[in-house]
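Let's take a walk through this protein chain together. Keep the picture open as you read, and look up each residue as it comes along.

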Amino acid sequence: KSFPNNMEEIKVEINLIDSHETLALPYAEEGIRAGFPSPAEEHMMTGIDLNKELVRHPETTFYARVKGHSMAGVGIDDGDLVVVDKSLDACTGNYVVACIDGEFTLKEFRIDESNHCAWLMPANEAYHPIRITEENNFMVWGVVTYVIKKVYK
């Protein structure tokens, strides 16, 4: 398919949240220092449930895997998982999953009141901003609330 304004395709695979199951993992409540080491075991607390930590609205939240490089400049990379909440209203500066003219994409959302339009902004110079006007079939599908990255190689 061809995409307007050098827009890249993002495949959204919806994975619904099962908030009824809990998986309490050990949690270092005092934090982990990125500077000088400290004894970590004495700071371990009972546990943390990532469903409760990452998902505020289970009925309207889903996970999606990022496919593409247009948001690499803000650390949202190909293969990352994003947590997307459909119940939140998009504001300027939010990262959103949007559908424009039948195609899904993940970009930064900006409202331009002076020109009566909105913009979907990439975070990679290889991609162009996408101007949204009344002529476009446009919908914000959800606001990205968290990015989950794999750092183990």
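Start at Ile 76: leaving aside neighbours within four places in sequence, Ile 76 is in contact (heavy atoms within 4.5 Å) with Val 66, Met 71, Val 82, Tyr 95, Leu 106 and Val 147. Before going further, a word on the model: it is a predicted one, where local features need pLDDT of at least 70 and side-chain atom pairs count only at pLDDT 80 or more, while totals for chains, interfaces and linings use all residues. Residues are numbered from 1 along each chain as its sequence is written, and side-chain values use heavy atoms, with hydrogens and water left out.

**The cores**

Which residues make up the largest nonpolar core? There are eleven: Phe 62, Ala 64, Val 66, Met 71, Ile 76, Val 82, Val 84, Val 97, Leu 106, Trp 141 and Val 144. A nonpolar core here is a set of buried Ala, Val, Leu, Ile, Met, Phe, Trp, Tyr and Cys residues joined through side-chain atoms within 4.5 Å. Buried means under 20% relative accessible area, exposed means over 50%, and partly exposed is in between (1.4 Å probe, protein chains only). Strands E4, E5 and E10 each supply at least two residues of this core. There's also a second, separate core of nine residues, and Ala 98, Ile 100, Phe 109 and Leu 120 are among them.

**The chain as a whole**

Zooming out, you'll find one helix and ten strands. Both kinds of element are DSSP runs numbered from the N terminus: helices (H or I) have at least four residues and strands (E) at least two. Along the sequence the pattern reads β-β-β-α-β-β-β-β-β-β-β. Of the 153 residues in the chain, 32% are buried. Take the contacts between residues at least 6 apart in sequence: 59% of them join residues at least 24 apart.

**Aromatic rings**

How many aromatic pairs does a search of the whole structure find? It finds three. Rings of Phe, Tyr and Trp (its six-membered ring) pair if their centres lie within 6.5 Å; planes under 30 degrees apart count as stacked, over 60 as edge-to-face and the rest as tilted. Here are two of the pairs:

| Pair | Centres apart | Angle between planes | Kind |
|---|---|---|---|
| Phe 104 and Trp 141 | 5.0 Å | 75 degrees | edge-to-face |
| Phe 109 and Phe 138 | 6.3 Å | 5 degrees | stacked |

Phe 104 is partly exposed at 24% relative accessible area, whereas Trp 141 is buried at 17%. Phe 109 in E7 and Phe 138 in E10 also link distant parts of the chain, 29 residues apart. Phe 109 is buried at 8%, and Phe 138 is partly exposed at 24%.

Ring pairs also join Phe 62, Phe 104 and Trp 141 into a cluster.

**A loop residue tucked away**

Is Asp 80 buried or exposed? Asp 80 counts as buried because its relative accessible area is 5%. You'll find Asp 80 in the loop between strand E4 (61-65) and strand E5 (81-85). Its side chain makes a polar contact of 2.7 Å with that of Lys 149. A polar contact is a pair of N or O atoms within 3.5 Å; within protein, one must be able to donate a hydrogen and the other to accept it, and residues adjacent in sequence count only if both atoms are side-chain atoms.

**Two positive phi angles**

Most residues other than glycine have a negative phi. Asp 101, though, has a positive phi near 50 degrees; Asp 101 sits in the loop between strand E6 (95-100) and E7. His 116 has a positive phi too, about 55 degrees, and lies in the loop between E7 and strand E8 (117-121). Asp 101 is partly exposed at 40%, while His 116 is exposed at 69%.
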